[in-house]
Amino acid sequence: MTEYERTEADDHYGAIDMAFMRHALTEADAALGHGDVPIGAVVVRDGEVIAARHNEREVAADPTAHAEILALRDAATAVGHWRLDDCTLYVTLEPCFMCAGAVVNARVGRLVYGAADPKAGAVGSLADVPADLRLNHRPPVTAGVLAAESGDRLRGFFAARRR
């Protein structure tokens, strides 16, 4: 098992990380209401949620409407600038290349995610964008927080679509 496949039972995560990831899971559930893949993201600054979003690709007909992108946009608006170096992004699924790039470009202070994404993840699965030494920002990453819960939602969503 790699670092990116840990589950809550395998490691101890801080209560704060787990609480904010639960908030992201609630956002993920909201995506189900309009047929989107259940992925949620929250941005936290000074212990408070300043942005919370879920996937809206289907409802917005927008390929960039990933939970992370939407949450980062809202967070930048909330703080009044694009640098989010004093913020933590919590997301239920390992970010893709687009979202991992946005994390780096927004100078996010820390990234925490739930389930690994072996098919499209760019924070350890297919690549590790935030750790790339060629880039000018490398946020610390915590992987696997409430991974089982995140993975269960995704597996349930895709199983229902196959039926």
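Leaving aside neighbours within four places in sequence, Thr-92 is in contact (heavy atoms within 4.5 Å) with Met-21, Ala-24, Leu-25, Ala-28, Pro-38, Ile-39, Gly-40, Gly-114, Ala-115 and Ser-150. The model is predicted, so that local features need pLDDT of at least 70 and side-chain atom pairs count only at pLDDT 80 or more, while totals for chains, interfaces and linings use all residues. Residues are numbered from 1 along each chain as its sequence is written, and side-chain values use heavy atoms, without hydrogens and water.

Thr-92 belongs to strand β3; strands (E, at least two residues) and helices (H or I, at least four) are DSSP runs, numbered from the N terminus. Thr-92 counts as buried because its relative accessibility is 2%, the limit being under 20% relative accessible area with a 1.4 Å probe and protein chains only.

An open sheet of 5 strands has the order β2-β1-β3-β4-β5, with mixed pairing; two strands pair if DSSP finds at least two bridges between them. Its edge strands, β2 (48–54) and β5 (141–143), each pair on one side only. Strands β1 (residues 40–45) and β3 (residues 87–93) run antiparallel and are joined by 5 bridges, with Cys-87 of β3 as the bridge partner of Arg-45.

Conventions
Buried < 20%, exposed > 50% of the residue type's maximum accessible area, 1.4 Å probe, protein only.
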